[in-house]
Amino acid sequence: MSVVGEAGPGDAATLGELGEAGILGDIFAALTTTERVLVGPGDDTALLATSGPVLATTDAMVRGRDWLDEWSSARDVGAKVVVQNLADLAAMGGVGTGLLVTLIAPGTLPARWARELMGGIAEVSAATGVPVIGGDLSSSDGAVAVSVTALGELPGGRAVLRSGAEPGADLAVSGSLGRSAAGLEVLRRSDADWWPPQEYAEVAAGWVAYHCRPDPDLSQGPRAADSGALAMLDVSDGLVRDAGRIATASSVRVDLDEEVLAGSAGVYEPVLGARTALDCVLSGGEEHSLLAAFPAGEAPTGWTVVGTIAETGAAGPGVWWRGERATGGGWDHFGG
């Protein structure tokens with residue numbers, strides 16, 4: 001029963017005014033589903049039809065730690081947190097089958113922000129055909145956090161782990177390196193009223209857009225698996241750190257190709273300078289391009305070979321750049 005003059009769900013200014021039932025009924029209403037969702041949001045648990053082993057991964061984003069409202073819209077945040085998870089599935093050679101979304105926020109959070117967040121989630125969900133099948137809501141004393149758990153499957157029936165790289169193999173990347181980090185650097189510098197030279201303004205804006213809403217080619221994961229990828233992950237913490245994870249898991253040495261990577265850095269150099277441009281390529285995270293080891297000469301068309309796999313030798317597993325062990329990159333949530 002409604003009362004004359006009472007605000008309806010669509011008129012509510014905050015989540016507190018909207019209420020839990022209003023949030024579920026109003027904000028999540030735009031989500032689509034698929035025939036594989038036997039029971040969707042609204043029951044105690046979702047019921048999803050699967051065809052074999054299930055992949056599962058989760059990722060969370062916290063306002064002020066993983067994004068800033070000054071730089072990222074709610075729609076950006078929604079799209080980004082879904083892509084992060086789907087990239088993890090792709091890095092195993094998988095595809096998504098369902099998403100579970102959790103929102104933790106104070107009652108004072110504008111309802112419009114939450115609607116836009118779900119709009120970003122819905123965009124990626126629709127584009128990839130991976131439905132939202134459930135989730136959770138919780139209030140907080142001020143923190144805003146969004147978490148997504150993605151479920152998936154293996155079209156080719158084989159999971160590509162980090163541990164399969166072998167000496168003599170090529171290390172290749174599908175997609176860009178350093179683009180997200182370059183966008184972040186542009187945002188940081190723009191706080192001082194700096195902006196790239198006019199001739200580079202448009203391309204720099206593209207880096208910023210990619211940082212706020214990465215859009216890797218997720219179809220390359222199953223393609224890599226079908227092409228015989230030996231080991232794979234997505235570049236979430238930078239080339240050096242993530243290649244190091246393959247090296248450690250596979251007990252091998254990775255030698256990065258200086259010429260190829262210097263060429264990648266050259267794209268950013270006119271705007272950011274040589275040193276920062278190279279740092280973006282070697283250490284920049286949140287790229288979510290796929291990094292994989294393939295038998296020599298067998299990387300799929302469109303992939304770029306950025307290094308080779310070798311025996312470890314006395315120095316043990318690791319990544320080498322310009323003849324020296326390379327470290328760094330990534331984000332430590334509990335580091336200094």
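The radius of gyration is taken over C-alpha atoms, and the globule rule used alongside this quantity is 2.2 Å times the number of residues to the power 0.38. For the 336 residues of this protein, a compact globule would have a radius of gyration near 20 Å, and the protein has 21 Å, which agrees. Along the principal axes, the C-alpha trace spans about 75 × 55 × 35 Å.

The structure is a predicted model, in which local features need pLDDT of at least 70 and side-chain atom pairs count only at pLDDT 80 or more, while totals for chains, interfaces and linings use all residues. Residues are numbered from 1 along each chain as its sequence is written, and side-chain values use heavy atoms, with hydrogens and water left out. The average pLDDT (the predictor's confidence in each residue, from 0 to 100) is 93, and 95% of the residues score at least 70. Over residues 1-9, however, the pLDDT is below 50, and this stretch has four contacts in the model beyond near neighbours in sequence. A contact here means heavy atoms within 4.5 Å.

The protein has 10 helices and 13 strands; helices (H or I, at least four residues) and strands (E, at least two) are DSSP runs, numbered from the N terminus. Among contacts with a separation of 6 or more, 85% come from residues 24 or more positions apart. The accessible surface (Shrake-Rupley method with a 1.4 Å probe; for residues, only the protein chains shown count as cover) comes to about 15,700 Å², and 51% of that area belongs to carbon and sulfur atoms. Of the 336 residues, 45% count as buried, a term that stands for under 20% relative accessible area, with exposed meaning over 50% and partly exposed lying in between (1.4 Å probe, protein chains only).

Thr97 belongs to strand β4 (residues 95-105) and is buried, with a relative accessible area of 7%. Leaving aside residues up to four places away in sequence, Thr97 touches Arg36, Leu48, Val130, Pro131, Leu151, Gly152 and Glu153. Leu137, in strand β5 (residues 132-139), is buried as well, with a relative accessible area of 18%.

Asp226 and Gly157 are 69 residues apart in sequence, and their C-alpha atoms are 9.6 Å apart in space.

Aromatic rings come next. A search of the whole structure finds three aromatic pairs, where rings of Phe, Tyr and Trp (its six-membered ring) pair if their centres lie within 6.5 Å, and planes under 30 degrees apart count as stacked, over 60 as edge-to-face and the rest as tilted. One of these pairs joins Trp67 and Trp113, whose ring centres are 5.8 Å apart with planes at 20 degrees, so the pair is stacked. This pair links distant parts of the chain, with Trp67 in the loop between β3 (55-62) and α2 (74-90) and Trp113 in helix α3 (residues 111-128), 46 residues apart. Both Trp67 and Trp113 are buried. Phe294 and Trp303 form an edge-to-face pair, at 5.2 Å centre to centre and 80 degrees between the planes. Phe294 counts as buried at 0% relative accessibility, as does Trp303 at 8%.

Arg179 lies over the face of Tyr210, at 3.8 Å from the ring centre, and Arg253 lies over the face of Trp320, at 4.2 Å from the ring centre.

Finally, the backbone. Most residues other than glycine have a negative phi. Ser251, in the loop between α7 and β9, has a positive phi near 55 degrees. Arg322, in the loop between β12 and β13 (324-326), has a positive phi of about 55 degrees although it is not a glycine.

Definitions and conventions. A charge sits over a ring if NZ of Lys or CZ of Arg is within 6 Å of the ring centre and within 35 degrees of the ring normal.
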